[in-house]
Amino acid sequence: MPTAPTALLPSEKQSESKKPASRKGSDSNGVETLIRAMLKKHRTPFMIIRKDQLVRQFRRFRRALPQVMPFYAIKANPHPKVIKTFVKLGAGFDVASAAEMRQVLGLGAKPEKIIFANTIKSVDDIVAARKARVRMMTFDNEPELYKISEHYPGAEVLIRIKVDNHRSVVNLSLKFGVDPDMAFPMIRRAKSLKLNPVGISFHVGSQSRNVENYLQALEITSQIFNEAEENGIPLKTVDIGGGFPIPHFDGEIGINFERMAAQIHRQRKQLFDRKVTFIAEPGRFFVGPAGTLVTQVVGRTFRNNKNYYYLNDGVYQDFSGIVFDHCKYEFKTLRRGQKFLSALAGPTCDSFDTLALDAEIPELYVNDAVYVKNIGAYSCASAVPNFNGFPPAKLIFI
Ligand SMILES: Cc1ncc(COP(=O)(O)O)c(C=O)c1O
């Protein structure tokens, strides 16, 4: 892969307004046709969220894990239309704060289909949950139990255990989860504090490529279930968390949700009584594939022996997933032709605002579009409103 065609010479500047090359044969799935149509109507940056993809992902999940009720983790993308779509489909919701809780309630979610899945909650948020009759919540430490028992007696609590996050892109066991051997003593403590310990939750880490993490976590969970049953505190709910992976690159290997789900399904059947209720907290899997971000080149230069293209969206806006989600994206263009290793950067005055140093793209010109698929999760959700005066993408829900 060559690194650059040439430096940008003065004579080339005339070609900045060149039209993209022929479209023939470049658009197998209609995404580029859609982007071209949208570019005529909307200023960039914009993010297209496709409702049909949200529905598709929800149905895939239900088909593959029919006994597991999904509670969509709205942190992935809290856009009201995304939430409303999942309300209509009958999903539950995983919220991390009273503000998220109010948002889903305001959009039609039922309190009994919400889990407050942050193991650390402020007193105000616990009180808000009580008032809203959102009964189910997670915990992983004793001080949290004291808070909950004081401000929400009788709440249904699930203990979050620490499980292996090996080969997940985002490790969620660094900050959360009790060691499994401490789980039962805490369940007993919850009971003695007049709480209602109903089950166990875990999270194998986000974008998990390793089904073993789920299988092992289920095994550990079943052992704690047995211990609790033997000691007269039968449990009834298992929350298998999120982590279900999606491809971020065309043809990415090693990601097969259906195969992963089939193994989880078998393990669940083997280890648990049919009366046990299963829930999950998918975020990325539900909303990631629905999002396509469209940006434009606002400037270009030649440095470090390669072309640098500056886009009108960056790590402070909709590419925030590069930082917070450790995500790598596949950058695509509407232009065809020989590809060169190039750098892509955001619009702000920070060197940190660099998106890629090794994007494989054709030579681009000012105003050319650069787009990224499968970017609906952990992108706009964590964008800063106006850093350096640059707004995040407009969301277009279709
Ligand atoms: C408690 C909790 N539940 C669910 C999720 C969603 O995870 P994912 O997007 O990997 O499905 C997260 C993500 O960080 C989380 O922290």
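In what follows, Ala, Val, Leu, Ile, Met, Phe, Trp, Tyr, Cys and Pro count as nonpolar, Asp, Glu, Lys and Arg as charged, and the others, Gly among them, as polar. With that in hand, let us look at the surroundings of the ligand in this predicted model. The shell around the ligand splits into 5 nonpolar, 5 polar and 5 charged residues.

Where does the ligand sit? Its place is in the largest pocket. Around the ligand are 15 residues, and those that come nearest are Lys75, Ser206, Glu281, Arg284 and Tyr378.

Two of these names return when we turn to individual atoms. The side chain of Ser206 has an N or O atom 2.4 Å from an oxygen atom of the ligand. In the side chain of Glu281, an N or O atom is 2.6 Å from a nitrogen atom of the ligand. The backbone takes part in this picture too: a polar backbone atom of Gly283 is 2.9 Å from an oxygen atom of the ligand. On its own, the ligand has 400 Å² of accessible area, and the protein covers 94% of that.

How many disulfides does a search of the whole structure find? The search finds 0. Take Cys327, which is in no disulfide: the nearest cysteine sulfur belongs to Cys380 and is 13 Å away. A disulfide needs two cysteine sulfur atoms within 2.5 Å. Cys327 counts as buried because its relative accessibility is 8%. Cys380 is likewise in no disulfide, and its nearest cysteine sulfur is that of Cys327. Cys380 has a relative accessibility of 17%, so this residue counts as buried.

Note on methods. Residues are numbered from 1 along each chain as its sequence is written. This is a predicted model: local features need pLDDT of at least 70, side-chain atom pairs count only at pLDDT 80 or more; totals for chains, interfaces and linings use all residues. Side-chain values use heavy atoms; hydrogens and water are left out. A residue is near a molecule or strand if one of its heavy atoms lies within 4 Å of it. A polar contact is a pair of N or O atoms within 3.5 Å; within protein, one must be able to donate a hydrogen and the other to accept it, and residues adjacent in sequence count only if both atoms are side-chain atoms. Accessible areas come from the Shrake-Rupley method with a 1.4 Å probe; for residues, only the protein chains shown count as cover. On a 1 Å grid over the protein atoms alone, a cavity is a set of points where a 1.4 Å probe fits but cannot get out, and a pocket is an open set with protein on both sides within 12 Å along at least five of seven lines; lining residues have an atom within 4 Å of a point. A molecule sits in a cavity or pocket if more than half of its atoms lie within 2 Å of its grid points. Buried means under 20% relative accessible area, exposed over 50%, partly exposed in between (1.4 Å probe, protein chains only).
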